[in-house]
Amino acid sequence: MTTVEPRRTGPAQPRARVAADETAGITMTVNGTETTVTVPPRAHLGDVLREQLGLTGTHLGCEHGVCGMCTVLVDGEAARACLLFAVQCDGSEIVTVEGLGTPDDQHPLQQAFSAHHGLQCGFCTPGMLMSSYDLLANTPDVESDELPEQMSGVLCRCTGYRGILAAVDDVRQTYPDGVPGPRACGARTLVGRVSSGGTGAAAAETDVPEAALPQEVRLPSGPPSAVVDVTSPLRSPVERVWAVLDDFDLLARCLPGARLTEVLDDDRYRGRAVVALGPVKLSFDGLAQVVERDPAAHRLRFHAQGADAGGSATQADVLLAAEAGPDGGTVLTAHADVHLTGRVAQFGRALAGDVSRRMFEQFAASVDEAAETGSVTEPRRGAQLRLVLGTVRDTVRALTRRGLARARVLRRR
C-alpha cells in the first residue's frame, strides 16, 4: 500500500535553522493528546513515539521503509514512522496503534485479527492494523481479491497472511461504507523512557523536564492497573485524623517517599514521590488536585498523576474517609484506582496492587503518628526494599497455597 508524507492544509511555516548538535521543540497531537517534545533534528518519528512518548506499540524493523512495521497515521494517511523526521510532523495529527482501541474497547479490526488468528509473534501486527485501517478508511470499496496486493506493504515473517487477510476482509464486508474511526484517542499523559542512545536519553535521571510536568490532572478512561481498598484501625480520635487529612502538606509526608514541593491555586499541589522496588528506583514529579473535601463526613478525594524521567507514569483516583471507631479511635478507609504505564507497569497487576496496598498500610500508620504528634518520622533505610520483599514473599506463599490445593484436588480425581 502506498504511504504518503503528512498532508498539509496550508504553506509550511519557515523554521529557524537548527544545527546538527542542537535540538528543536515540536508540537504534535498524538492519539488525541497535544504534546510538545524537544528532539534532535535527525530523530525520526518512530524513535520519538517510542522513546519520548512511551508509545512502544509502534514497532521498528528494517528502519528503511521496507517492512512496514512502523506504519502510523499522519494527518489521516498511512506513513512510515522510520522515514519521517519528527520535526517534519510539527503541527501534525498522529494516530498510533494505541489510539486504535483498548483491551476493553477494541476496534473492529483488532477484534477481527483475534477472531481470525491473524497474529502469531505479534511483531507485524501494529503495522498490519494501521495499514488495513488506512486501506478500509480511504478505499472502502476495495475488492477481496485486491487485498493481498493492497496489504503487501507490511511484511510478516510468521507467514500469517491468510488469517490477516481474512480479518481485513471480514471488516471490509461488515463496514462497506468505511471502517469506524479510532476508539482510544483522547487526552492522556504521554511520557517516554530513557535508554542509552534513545532520543529521551538527554533527560536527567532524577528530574523530569519542566515542560513535561503536568499542568492539570487527567485520568485515563480505561480500567485501572490496580484497585486498592485498605481499612485501618487507628488509635487517634477522628477529629485529629481529619486534621491530618485536611492538611495536604502533612498528608503528603505521610505517603511513603512523598513530599510537597509547591502549592498552586485551585487546591492543586505539586510534589515528588520516590519509590524503590528492589533494583528499580523511580522518582515521580507530578501534580495532585483535591476534587472533594467534606469536613462533616471526614472525606477527602484527590486525583494525582506523575511522570518519571525513566519512562514510568502513574495516575490515581484516591478517596480517603475517616469515621469514629471503637474506644475513641478511628477507622480510616482508603480506596484508590491506580493506573500505571512504563517500567513500573511491568510488575503486573497483582504485584502492583499488593505494593500499593502495603504503601497505604504504611500511610495509615503515618497518619496515626501525625495525628498524635503533629509530625511524621522519616522511614529508615531499606524500608522500601522490605516493602517489596514482603510483597513478593506473600505472593509466593499465596501461589504455593493455590498450587498445593490444586494438587490435592487432582489427587482426589
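I started with strand S11 (residues 313–324), which pairs with S12 in the antiparallel sense over twelve bridges. The model is a predicted one, and I read it as such.

I picked one pair to follow. Asp 317 has Asp 337 in S12 as its bridge partner.

Next I looked at the turn. The hairpin of S11 and S12 has five residues between the strands. Among them I checked Asp 327, which takes a positive phi near 60°.

Then I asked what else S12 pairs with. Strand S6 (residues 226–234) runs antiparallel to S12 (residues 330–341), and nine bridges join the two. For Ala 226, I found Val 338 as the bridge partner in S12.

I moved on to helix H6, residues 238–245. Which residues of H6 are buried? I listed Val 238, Val 241, Trp 242, Val 244 and Leu 245. I then looked down the axis of H6: the buried residues fall within an arc of 155°, so they line one face of the helix.

Last, I noted the totals. The protein has nine helices and twelve strands. It runs to 413 residues, and 46% of them count as buried. I took contacts with a separation of 6 or more; residues 24 or more positions apart account for 64% of these. The protein exposes about 21100 Å², and carbon and sulfur atoms supply 51% of that area.

Notes: Residues numbered from 1 in each chain as written. Predicted model: local features only at pLDDT ≥ 70, side-chain atom pairs only at ≥ 80, totals over all residues. Heavy atoms only, no water. Buried < 20%, exposed > 50% of the residue type's maximum accessible area, 1.4 Å probe, protein only. Helix = DSSP H or I, 4+ residues; strand = E, 2+ residues; numbered from the N terminus. Arc of directions from axis to C-beta. Contact = heavy atoms within 4.5 Å. Areas by Shrake-Rupley, 256 points an atom, 1.4 Å probe, with all protein chains shown as cover. Pairing = 2+ DSSP bridges.
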